[in-house]
Amino acid sequence: MANATVMGMVFGQPKRMKTSMVASAFPNALWIPGEGMNAIKSVATNEWGFEPTIYEHPVRTLFDHRIETVAP
């Protein structure tokens, strides 16, 4: 079976094991955290025994881009 490309977004109340469930289901995922980079690293390392791949650059929004292109 060929590899599938999947994009997921997880949100909800804190401390409901969301990060742990996603880490167990997708150990090869590229994580793009809005917040909580340390939480992702600790859950993947301590609970599942692997080092997650994390996109370390700041997340930019369309509003951020508009300010950069319109500003004098």
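Met17 is placed in the segment before H1; helices here are DSSP runs of H or I with at least four residues, strands are runs of E with at least two, and both are numbered from the N terminus. The model is a predicted one, in which local features need pLDDT of at least 70, side-chain atom pairs count only at pLDDT 80 or more, and totals for chains, interfaces and linings use all residues. Residues are numbered from 1 along each chain as its sequence is written, and side-chain values rest on heavy atoms, with hydrogens and water left out.

Although Met17 is not a glycine, its phi is positive, at about 65 degrees. Met17 counts as exposed because its relative accessible area is 55%; the scheme takes under 20% as buried, over 50% as exposed and values in between as partly exposed, with a 1.4 Å probe and protein chains only. Lys15, also in the segment before H1, has a phi near 60 degrees, again positive in a residue other than glycine. At a relative accessible area of 80%, Lys15 is exposed.

Val10 belongs to the segment before H1 as well, but its relative accessible area of 47% makes it partly exposed. Beyond four places in sequence, Val10 has contacts with Lys18 and Val22, contact meaning heavy atoms within 4.5 Å. Val10 and Val22 are 12 residues apart along the chain, and their C-alpha atoms are separated by 8.3 Å.

Within helix H1, which spans residues 18–25, lies Ser20. With a relative accessible area of 5%, Ser20 is buried. The side chains of Ser20 and Trp48 are joined by a polar contact of 3.3 Å; such a contact is a pair of N or O atoms within 3.5 Å in which, within protein, one must be able to donate a hydrogen and the other to accept it, residues adjacent in sequence counting only if both atoms are side-chain atoms.

The largest nonpolar core has seven residues: Ala23, Ala29, Trp31, Ile40, Ala44, Phe50 and Ile54. A core of this kind is a set of buried Ala, Val, Leu, Ile, Met, Phe, Trp, Tyr and Cys residues joined through side-chain atoms within 4.5 Å. Beyond its neighbours within four places, Trp31 contacts Thr19, Val22 and Ala23, as well as Ile40, Pro52, Thr53, Ile54 and Tyr55.

Thr53 sits in strand S2 (residues 53–54) and is partly exposed, at a relative accessible area of 48%. The C-alpha atoms of Thr53 and Trp31 are 6.1 Å apart, across 22 residues of sequence. Neighbours within four places aside, Thr53 contacts Ala29 and Leu30 along with Trp31.

Leu30 is part of strand S1 (residues 30–31). Along the sequence, the chain follows the pattern α-β-α-β-α, with three helices and two strands. Of its 72 residues, 15% count as buried. Among contacts between residues at least 6 apart in sequence, 28% join residues at least 24 apart.
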